[in-house]
Amino acid sequence: MKEVLSFLADLHDNNNREWFEANKGRYREALATHHANVERLIALIARFDPSVEGLKVADATYRIYRDTRFSKDKTPYKDFMSTFIVRGGKRSGYGGYYLHISPKGNTWGEGSFLAAGNVCPEPHILQSLREEIEDNAALMVENIERSGFTMDRSNALKRTPRGFSVAPEYEYLLRQRELCLSKSLDSSWFMQDDWVERTADMFERCKPFLEQMNRAIEYAKEEMA
């Protein structure tokens, strides 16, 4: 992983086509290492979450090339590597396990981190998730605490949505525009030989939260079918 982290750090400082083309060999080596690790991680997660069994690396990884058409940031490449291991693949709309490798941070202001959940849910999905919170808020809090991760509240509403009612201590869950747990990592995490296994262990603690979330998502999908 040292080569992966080194490449991403250098790309962060030299995010232009000329540098990238001159370092295309380093990129290919870093990508091959990343894909091998993702393949291992999928297999390990499938041991405790069979819903991801059979996923291919392409189902869970993203291109390094940025779409700059509608962005003020015109840098051509992502200076991180990301992976979303989730039932049905990365575009399925279900909650899943996210790995973000970014040794020097990026335009999000984040470094490396793990996450579990669902971002940018469609309105009918968010409605179903809020109904689940209304019915089983205490269980969701229990599952969040069990994970050891932290709920990302950066995109929350200021007020509780109309039509929903829970005990005051659970209202913050209803205000969420998306349900996503995260845990920050530093680069030393990836320098241990067993970091993939340790990452899978961390994700296993998130499984009850994701199971609860995905039941609500599946219900919403069935309703829209």
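Is Cys120 buried or exposed?

A quick word on the model. It is predicted, so to speak of local features we need pLDDT of at least 70, side-chain atom pairs count only at pLDDT 80 or more, and totals for chains, interfaces and linings use all residues. Residues are numbered from 1 along each chain as its sequence is written, and side-chain values use heavy atoms, with hydrogens and water left out.

Now, Cys120. Cys120 is exposed, because its relative accessible area is 66%; exposed means over 50%, buried means under 20%, and partly exposed is what lies in between, using a 1.4 Å probe and protein chains only. You'll find Cys120 in the loop between β3 (113–118) and α4. Helices here are DSSP runs of H or I with at least four residues, strands are runs of E with at least two, and both are numbered from the N terminus. The backbone has something to show here too: phi of Cys120 is near 50 degrees, a positive value in a residue other than glycine. For background, most residues other than glycine have a negative phi.

With a cysteine on screen, how many disulfides does a search of the whole structure find? The search finds zero, where a disulfide is a pair of cysteine sulfur atoms within 2.5 Å. For Cys120, the nearest cysteine sulfur is that of Cys180, 10.0 Å away. Cys206 is in no disulfide either, and the nearest cysteine sulfur to Cys206, again that of Cys180, is 9.5 Å away. Cys206 is buried, because its relative accessible area is 0%.

Let's move to the helices. Two packed helices are described by the angle between their axes and the distance between the axes. Helix α3 (residues 24–48) and helix α6 (residues 195–204) pack at about 35 degrees, and their axes are 9 Å apart. The axes are lines fitted to C-alpha atoms, for helices over the stretch in contact, and the angles run from 0 to 180 degrees between N-to-C directions. This crossing of α3 and α6 is right-handed, meaning that the near helix is turned clockwise from the far one by less than a right angle.

Which residues of α3 and α6 make the contact? From α3 come Asn37, Arg40, Leu41, Leu44, Ile45 and Phe48, and from α6 come Trp195, Val196, Glu197, Thr199, Ala200, Phe203 and Glu204. Contact means heavy atoms within 4.5 Å. Sorted by type, the residues in this contact are eight nonpolar, two polar and three charged. In that sorting, Ala, Val, Leu, Ile, Met, Phe, Trp, Tyr, Cys and Pro count as nonpolar, Asp, Glu, Lys and Arg as charged, and the others, Gly among them, as polar.

On to charges. Side chains of opposite charge can pair when their charged atoms come close. We call it a salt bridge when a side-chain nitrogen of Lys or Arg is within 4 Å of a carboxyl oxygen of Asp or Glu, and by this rule the count comes to nine. Let me show you some of them.

In helix α4 (residues 123–147), Glu142 and Arg146 sit four residues apart, about one turn of the helix. Their closest N and O atoms are 3.0 Å apart in a salt bridge. Glu142 is partly exposed at 42% relative accessibility, and so is Arg146 at 43%.

Next, Asp67 and Arg69 join their side chains in a salt bridge at 2.7 Å, N to O. Asp67 is partly exposed at 45%, whereas Arg69 is exposed at 61%. Asp73 and Arg66 also form a salt bridge, at 3.8 Å, N to O. Asp73 is partly exposed at 24%, and Arg66 is partly exposed at 23%.

Finally, two residues that meet parts of the chain further along or further back. Tyr62 is in the loop between α3 and β1 (81–85), and its C-alpha atom is 6.5 Å from that of Ser82, 20 residues apart along the chain. Beyond its neighbours within four places in sequence, Tyr62 is in contact with Lys78, Ser82, Thr83, Phe84 and Lys90. Ser184 belongs to strand β5 (residues 179–184). Leaving aside neighbours within four places, Ser184 is in contact with Ser112 and Phe113, and Ser184 is exposed at 59%.
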